[in-house]
2 protein chains.
Amino acid sequence: MDIKPRQLEIIEAAGQLVTEAGFAALTTKRLAERMHFTEAALYRHFASKEEILVTMLHHLAANIDERLAALAETHPDPKERVRAMFDSQFTYFQKNPQYLMAIFATGVLEASHGIDAGIERIMVVKRRHLLNAIKEGQRSGVFTSDHSAETLSHIIMGTFRLHMLQWRMSGRSFDVRKKGRALIGAALDLITR
Amino acid sequence: MDIKPRQLEIIEAAGQLVTEAGFAALTTKRLAERMHFTEAALYRHFASKEEILVTMLHHLAANIDERLAALAETHPDPKERVRAMFDSQFTYFQKNPQYLMAIFATGVLEASHGIDAGIERIMVVKRRHLLNAIKEGQRSGVFTSDHSAETLSHIIMGTFRLHMLQWRMSGRSFDVRKKGRALIGAALDLITR
DNA sequence: AACCAGTCAGTTAGTATTCACTTACTTTGT
DNA sequence: ACAAAGTAAGTGAATACTAACTGACTGGTT
């Protein structure tokens with residue numbers, strides 16, 4: 001499933017609309033306006049509005065998977081790898097805030113199964129990489145084994161998600177990387193034995 | 001701002017619809033159907049659809065504030081109080097899953113300022129009570145002071161929120177109290193010095 | 001007891017607007 | 001010449017909300 005350049009432009013515009021003004025703001029009319037063409041032109045590139053969102057989520061999941069997999073190779077130390085993983089996320093969303101919606105959309109929307117599945121897949125991808133790092137850290141003794149890797153992952157993942165939510169709710173008015181690094185650092189410190 | 005019994009019925013039906021099938025499913029038509037009367041009758045009780053949601057959030061915030069304030073008096077020990085606070089939340093949402101939407105709606109909707117403000121207020125209320133308990137625990141030495149109370153609150157709050165999200169995404173298919181107690185217990189364990 | 005006035009909570013039958021999407025045609029780049 | 005990418009002008013369905021009206025009940029006056 002390759003994405004053509006024009007499709008990517010549309011996807012980015014769609015993400016912008018959602019991030020700027022909420023899901024209800026993503027209409028074919030507004031999306032076409034932002035693309036400086038008519039509604040009908042959208043359907044030259046996508047079969048439906050849903051396909052736009054599903055393709056976006058697919059694209060995101062693949063992207064994230066790739067980035068996190070690369071980090072696993074360049075950062076053998078589990079603790080440093082977790083740090084780098086979230087740093088990578090902060091940098092990515094700072095640069096591409098239009099994709100923030102993919103973090104928060106779940107649980108409220110359920111506009112379609114395809115969208116829900118796409119969002120869940122992103123969560124699963126992240127969770128898998130984080131869980132691997134935590135397990136390695138437990139094996140090498142750097143992280144506590146008083147609690148399961150799943151539990152520790154959950155705590156770190158929850159910390160990350162709430163941070164992103166607060167950043168978004170504040171209108172992205174603070175330095176998400178700086179504060180994020182401090183939070184993830186604190187969480188890592190707590191699970192370090 | 002007192003809520004009449006009939007208004008409460010409508011609010012609960014609205015929450016049900018959102019929790020069952022997402023925000024898009026909350027239409028005046030469907031809401032009226034669930035209430036077994038016509039759309040027009042809705043407007044005998046609320047001025048607008050937005051007012052229904054805003055009133056719901058107001059009601060919830062007041063309810064939560066009351067419950068958490070009561071717990072502060074019956075549970076002087078900070079650690080036990082935090083446990084009781086979240087236990088109270090789990091029990092409440094297990095009993096009233098129609099209000100789950102109030103936890104997740106933020107960040108995606110922004111259908112109106114009133115709704116966003118209502119959701120934020122609920123977060124602020126919870127945060128205030130949790131922060132108090134954590135600060136007390138730090139003062140009495142039961143919680144670590146290696147990190148700020150704000151940071152520790154954030155980590156616990158994030159753990160809670162992700163747990164609720166997963167419960168919701170799973171179709172509420174597991175025991176949210178049991179698993180929730182374990183997670184909050186683990187988080188409390190990590191911040192206990 | 002009987003009437004009157006007002007309110008509460010519902011009804012039927014609409015309104016204008018917006019939605020995602022379609023059809024038939026035209027322009028543009030190679 | 002041809003395919004890709006655009007346009008104009010619509011479609012039916014759904015949306016939140018309104019207008020006008022109705023029956024049941026309530027409290028006060030005679």
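Entry 1, DNA strand C. I find 15 residues around DNA strand C, and the closest are A:Thr27, A:Lys49, B:Phe37, B:Thr38 and B:Ala40 (near means a C-beta atom, placed from the backbone, within 6 Å). This is a predicted model, where local features need pLDDT of at least 70, side-chain atom pairs count only at pLDDT 80 or more, and totals for chains, interfaces and linings use all residues. Residues are numbered from 1 along each chain as its sequence is written, with chains lettered from A and ligands numbered from 1 in the order in which they are written.

I sorted the surface near DNA strand C by class: 6 charged, 5 nonpolar and 4 polar residues (Ala, Val, Leu, Ile, Met, Phe, Trp, Tyr, Cys and Pro are nonpolar, Asp, Glu, Lys and Arg charged, the others, Gly among them, polar). H3(B) gives the largest share, 3 residues (helices are DSSP runs of H or I, at least four residues, numbered from the N terminus).

I checked H4(A), residues 49–74, against H5(A), residues 78–95: their axes come within 10 Å and cross at roughly 150° (lines fitted to C-alpha atoms over the stretch in contact, angles from 0 to 180 degrees between N-to-C directions). H4(A) and H5(A) are therefore roughly antiparallel (over 145 degrees).

Conventions: Helices (H or I, at least four residues) and strands (E, at least two) are DSSP runs, numbered from the N terminus. Angles under 35 degrees count as roughly parallel, over 145 as roughly antiparallel, 65 to 115 as roughly perpendicular and the rest as oblique.
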